[in-house]
Amino acid sequence: MTKTLGKRPASLATRVTTFVGMAIVLSLLSLTWVMQQSIAKHFAEQDADELHVVAKAVTEALVESSKINRHGEFEFIIKGAVSGHHGVYFQINNAEGKTLYSTPGPDFSSLTKNGQDVKQINASNLYQWSEGSLTYRGASLRITTTTAPGQTIEFQIGVATKIDSHLHFIDSFNHRLWIIMLGVGVLTIFAAWLAVHQGHAPLRRVSSSIQTISTDRLDMRLPASEVPSDLIELVIAFNDTIDRIDVMVQKLASFSSDIAHELRTPLTNMITQTQVILGNIRQPEEYREILYSNLEEQERLAKTITDMLWLAKTDNHLIQPSFVALDMPQEIEKLFDYLEAWSEESRVTLHLIGTCSPVKGDQSMLRRALSNLLMNAIQHSPSDGEVIVRLNETDGGLSIQVENEGDSISAEHLPHLFDRFYRVDPARQTVTDGAGLGLAIVKTIVDVHNGKVSVQSHGKQIVFEIILPLQ
């Protein structure tokens, strides 16, 4: 069956370069637009200033000619109004739209018909039009003057200037500007990619170092002092992960060795006994004894396998606890009744001290954990000894202490008593000692209930304590 793979996500360098590239392109486009608008506005303001001067001069000439009111002097005065201004054109119409004077050049009809009359010429109210291959920019305004006899006359003045040289400059400037911006954009994006690539060099070195780590080199750690500050948390987290993996691998190796030993010992005993009994013809009673002995080994082997399977299921969350309200004094009394025969045979008395509020927990799990602690205490208590269970509510939760007198346990062994297959003195292992999984099961059950379990040894006094949350 072919498995369809999703599209691979883009690399960090590609993502950062793309984002930076988009920011650079937008910035360059904005800068280009601002520069183009600034150049165009500059020429428009320049044209507006010149047209304003021309319009003012024509207006003053009209006022002067109206006051003189001499025949034949109108055209003379108007012609001399704009001397010294090259490439500027104007036209004067009367109120009825009849042209009184016009300089050679553009047709002002487009301006006077389509353009709006303005009070003052500026860059924002200029009108632009084209005639053939030429382009003009101008404005139209109306003035009112008084003649010598005291009559009021209205004139329409149109002024324009040819802007082809401006447009040619702007086109050439825009063409060069786009080429420059394109080159700058490409170089900047390449520099950004190169910077990102070089910036990821420490990450690539860390990746190369990680690739050298294998199961036989779990003692290797990444030096946090040799990486940039941005990667310190990553390196610390990776080292912590390797620490946990190293511990787990060591535990797994120890577990594999222990389990092989635990399974091999009863099997070796059964094989040896069977080989011996089959070596010669025996009486039926001898065969019966061997079978009983083998049965004990088989039961021990079955219990070890059952405990291992239960721990494995719990570790993988295949066993889900069912929480109910439990009356712990009543639960402990039931365990006392269950273990009464064995405690009497061992000449060990069981006592319960204290009471507590109901606690939510899985009944079968907590019974198993407390039963393991009680059986462990009875087994290691001397004859005529006693096992005391104390209940006490504290701020941290419900404290359940199981006390008994036994052999003193050295401080270095206390943290490992809840490890699987751990024994204080492996050389003193007996059939009744079990496989060393009882306390490991206790810790697993307490962890499932979000509690804590600990052990203290004060001389011959051994105290196991379970703390369960009351809520």
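A residue counts as buried when its relative accessible area is under 20%. Keep that cut-off in mind as you walk through this predicted model.

**Stop 1: the whole chain**

Start with everything shown and turn the view along the principal axes. The C-alpha atoms fill a box of roughly 160 × 55 × 45 Å. Colour by secondary structure and you will find 11 helices and 12 strands. The radius of gyration is 51 Å, well over the 23 Å that the globule rule gives for 471 residues, so the chain is more spread out than a compact globule.

Buried residues account for 35% of the 471. If you display contacts between residues at least 6 apart in sequence, 65% of them join residues at least 24 apart. Colouring by charge brings up 40 positive and 54 negative side chains, with the centres of the two sets 10 Å apart.

**Stop 2: L111**

Next, select L111, which sits in helix 3 (residues 109-114). Is L111 buried or exposed? Its relative accessible area is 0%, so L111 is buried.

What surrounds this residue? Beyond its neighbours within four places in sequence, L111 is in contact with Y127, W129, G138, A139, S140, G158 and V159.

**Stop 3: the aromatic cluster**

Two of those contacts, Y127 and W129, lead on to the rings. Select Y89, F108, Y127, W129 and Y136, which ring pairs link into a cluster. The whole structure holds 9 aromatic pairs. One of them joins Y127 and W129, stacked at 5.8 Å centre to centre with 20 degrees between the planes.

Y127, at 23%, is partly exposed.

**Stop 4**

Finally, move to helix 4 (residues 164-199) and pick out F190 and W193. How far apart are the ring centres of F190 and W193? They lie 6.2 Å apart with planes at 25 degrees, and because planes under 30 degrees apart count as stacked, so does this pair. The two residues are 3 apart in the helix, which means that about one helical turn separates them. Show the surface around W193 before you leave: at 37% relative accessibility, W193 counts as partly exposed.

Definitions and conventions:
Residues numbered from 1 in each chain as written. Predicted model: local features only at pLDDT ≥ 70, side-chain atom pairs only at ≥ 80, totals over all residues. Heavy atoms only, no water. Helix = DSSP H or I, 4+ residues; strand = E, 2+ residues; numbered from the N terminus. Rg over C-alpha atoms; globule rule 2.2 N^0.38 Å. Buried < 20%, exposed > 50% of the residue type's maximum accessible area, 1.4 Å probe, protein only. Contact = heavy atoms within 4.5 Å. Lys, Arg positive; Asp, Glu negative; His and termini not counted. Charge placed at Lys NZ, Arg CZ, Asp CG, Glu CD. Phe/Tyr/Trp six-rings, centres within 6.5 Å; stacked < 30°, edge-to-face > 60°.
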